[in-house]
Amino acid sequence: MPAAKLDLEKEVEVVSVFSPYDGSLIGSVDVTPASEINELLARARFGAVLSRNLPRHKRSSVLEGAAKLIESRRDAFAKVIVLEAGKTIVQARKEVSRCVNTLKLSADEARRNAGEIVPFDAYAGSQLRQGWFTREPLGIITAITPYNDPLNLVAHKLGPAVAGGNSVLLKPSKLTPFSAINLVEVLLEAGLPQEVITVVHGDRELVSALVSARDVRMVTFTGGFATGEAISRSAGLKKLAMELGGNAPVIVMNDCDFDKAVEACVSGAFWAAGQNCIGAQRILVQKGIYQRFRDAFVEATEKLNAGDPSREETDVGPMISQQVAERTEAAVDEALAAGAILLCGHRREGSLYRPTVLEGTPTTCRVWHEEVFAPVVMLAPFSSLDAAIELANGPEYSLHAGIFTNSLAVALEAANKIEAGGVMINDSSDYRFDAMPFGGFKYGSMGREGVRFAYEEMTQPKVICLNRG
């Protein structure tokens, strides 16, 4: 793992990166001082000019080339994800494959989403006018990414930004910087001018400088609500795209495909040790099958193999740190003290927190109404679809939801009434295809990811009108 290069003429602050599983040192990166913001912006301005002037075929070939390079080095990229994020090797390989797809989708967008003809002659008095609009880059984009998908969520910001002809100031999570660094290095290897993307590392002071700079035209952020609110206060007049987490409900109806629902909900709840913003957190089960579903779900959960993420047979790896695991443990203790019933799990060894299932959880508990972002799931029975939807819509933020039913009418009614950015029918809430629009409803959600939609957020229309009269 590459460590930061040190300038021997001055003392450089570094951030050390440790394995979530065993605490071993992986490497370190140099901290970028906030005092260097003017130099960073100057580089980004130059990069924006270079990026804007790259022909669309060149942007596309860079993204396609990077995708091919990553695909050819899949195992190496997956190993880095395992080391720094603690994902299992199986999950890490899937993330690498998704990153490849994200870059390929971005390459497609660079080629085809250039604008449209405007039918001026459709309006009386404009018969002698014709024209079109193009999609032009915004300029400099600040991108701030989280630890839970350290490769693909970076690709979701860099791919559309490059496709649109922008430059990027990228600040990856200090817990998982190496996947992002490796992705940028591959983009450069594929022919991207080095000034187009600048990777920086730092904390609040640097972030404040990056988001408040007048030259920055957009901030795209994935992370927590508190940080999102702080960014919005300091950003000023610029575009904001924020994905601030979720609290996903999944509704399981009496008439569902039972085995499919159990299997999908177990995966949806505990994939990536529950550190998944669209992971199933509240599973609402109709009373006719509640006891059967509960027993089958707990049995399947207890069979999950938690441990060393580098082993092929491991299903659940560690959380990102022992501190986060301890916080999860404390939140579950609060729920149990308030009356929740523990069905399985709630055992911690360092940063490894066993998949945990609760029932009877009061809706006043943090684990019910906030995003738990951990391998913790709550089961609750309901009688009618309306009652389930009322429970599902309780929290003030939502990304995805799911419903399992064999009734098309019920599925479509739920999809219409559930307040979420996406409703997955006969899939767990955690299903996501990288081409679909992705974002939340209600409090704090701004903009959409998904390559085409992020590309459009990161570009702006310019109208050209020719008067032939």
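In the predicted model, Ser126 touches Phe120 and Asp121, when residues up to four places away in sequence are not counted. Ser126 is placed in the loop between strand E3 (115-118) and strand E4 (129-137), and with a relative accessible area of 17% this serine is classed as buried, the limit for that class being under 20%.

Helix packing is illustrated by helix H3 (residues 74-85) and helix H6 (residues 177-189), the axes of which come within 8 Å and cross at roughly 155°. Because angles over 145 degrees count as roughly antiparallel, H3 and H6 are described as roughly antiparallel to each other. On the H3 side the contact is made by Phe77, Val80, Ile81 and Glu84, while H6 contributes Pro177, Phe178, Ser179, Asn182, Leu183 and Val186.

A search of the whole structure for salt bridges returns 27. Among them is the pairing of the side chains of Glu64 and Arg111, with an N to O distance of 3.9 Å; this pair links distant parts of the chain, since Glu64 belongs to helix H2 (residues 56-72) and Arg111 to helix H4 (residues 89-112), 47 residues apart. Arg111 also forms a salt bridge with Asp108, for which the closest N and O atoms are 2.4 Å apart. Both Arg111 and Asp108 lie in helix H4, where three residues, or about one turn of the helix, separate them. Each is partly exposed, Arg111 with a relative accessible area of 45% and Asp108 with a relative accessible area of 24%.

Another salt bridge is formed by Lys239 and Glu457, the closest N and O atoms of which are 3.9 Å apart. Lys239 lies in strand E9 (residues 239-243) and Glu457 in helix H15 (residues 451-457), so this pair ties together parts that are 218 residues apart in sequence. Lys239 is partly exposed, its relative accessible area being 31%. Elsewhere, salt bridges that share partners join Glu64, Asp108 and Arg111 into one network.

At the surface, a nonpolar patch is formed by Leu408, Leu412 and Ile425, which together have about 290 Å² of accessible area. Of these residues, Ile425 is located in strand E19 (residues 422-425) and is partly exposed, with a relative accessible area of 36%; this value meets the patch criterion of over 30% relative accessible area.

Key. Residues numbered from 1 in each chain as written. Predicted model: local features only at pLDDT ≥ 70, side-chain atom pairs only at ≥ 80, totals over all residues. Heavy atoms only, no water. Patch = residues over 30% accessible without salt bridge, like charges linked within 9 Å, V, L, I, M, F, W, Y side chains within 5 Å. Areas by Shrake-Rupley, 256 points an atom, 1.4 Å probe, with all protein chains shown as cover. Salt bridge = Lys/Arg side-chain N within 4 Å of Asp/Glu carboxyl O. Helix = DSSP H or I, 4+ residues; strand = E, 2+ residues; numbered from the N terminus. Buried < 20%, exposed > 50% of the residue type's maximum accessible area, 1.4 Å probe, protein only. Axes fitted to C-alpha atoms, helices over the stretch in contact; angles between N-to-C directions. Parallel < 35°, antiparallel > 145°, perpendicular 65-115°, else oblique. Contact = heavy atoms within 4.5 Å.
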